[in-house]
Amino acid sequence: TEPPTEPPTEPPTEPPTDPPTRPPTQPPTRPPTRPPTLLPTEVPSEPPSSNPSEPPTGKCSVEVTISCMGKNQDGDDVDCKDIQSPESSCSDGDIDTLSFTYIGAACDKSANTQDDVCEDFGNGELDDAIITCFVDGIEVLSDKEVSVGNMLEVPAVGSLSETLSCEILGTTNNRRQMVKIDTSGDADLYLKDIYGSLQVESCDDKNCLVEVEYTYTIENIGNLAMDITLLERTSFVQVELNGEWRSGIQTDD
């Protein structure tokens, strides 16, 4: 028999003492976020169908002519600049009629050459009033309601005799002023004289106030058509009161 083979001379290698290290694991990546949705874009507006019209090349120009006509002392129609002031004296005989402008002034605003009688009750000044006038105790003007700037006329009842007396009351009939004017024709009495709240405007046919008529002629002298929708007038008014000039601006349409 064959003898057994000899065992290998080298023993097997020893197993490793440390276990193999684990390979590093990568951290998981975050899942991608959703991209934001885009807002829908607005639909563009339609382009204009046609080109804008060309601006006008003409111009708008207006010429205004103002004429003023009134009547002279003879009653004839004349241009306003040709109206003559009347003779101012009313002291040339009997006086039948007088007219006044109510100015709402106190007695200390009186401006006349008479030794007139004027008495205030309260401050005397009043924008709105009720006026009653007497001639020799006879009522010739009854409860005339007026505001500053209004006219009042003492009606014709024959001669005004010696004295015209007027009472100025408030709108609640409270007594505010009493005025007496010598209307005999012998004492000085002039147009524009002031007796408290009353300013003389006319005596018989002598009149400071004349009715006039304004005519406005408007002509389009440009080359564009136009429509007139509003005509506005501004007037400068100047009045002499007790030696002082008062002015104001009045606008109407």
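Residues are classed as buried under 20% relative accessible area, exposed over 50% and partly exposed in between (1.4 Å probe, protein chains only). By this criterion, 26% of the 253 residues of the protein are buried. The model is predicted: local features need pLDDT of at least 70, side-chain atom pairs count only at pLDDT 80 or more, and totals for chains, interfaces and linings use all residues. Numbering runs from 1 along each chain as its sequence is written, and side-chain values use heavy atoms, without hydrogens and water.

The protein has zero helices and 15 strands (DSSP runs numbered from the N terminus; helices are H or I of at least four residues, strands E of at least two). Contacts are heavy atoms within 4.5 Å. Of those with a separation of 6 or more, 61% link residues 24 or more positions apart.

The largest nonpolar core holds 26 residues. Such a core joins buried Ala, Val, Leu, Ile, Met, Phe, Trp, Tyr and Cys residues through side-chain atoms within 4.5 Å. Leu-98, Phe-100, Tyr-102, Ile-131, Leu-152, Leu-164 and Leu-189 touch the most other members. Strands giving two or more residues to this core include β3 (98–102), β5 (128–135) and β8 (163–169). The largest share, four residues, comes from β5. Beyond four places in sequence, Ile-131 touches residues including Tyr-102, Leu-141, Leu-152, Cys-166 and Leu-198.

Tyr-214 lies in strand β13. Its relative accessible area is 44%, so Tyr-214 is partly exposed.
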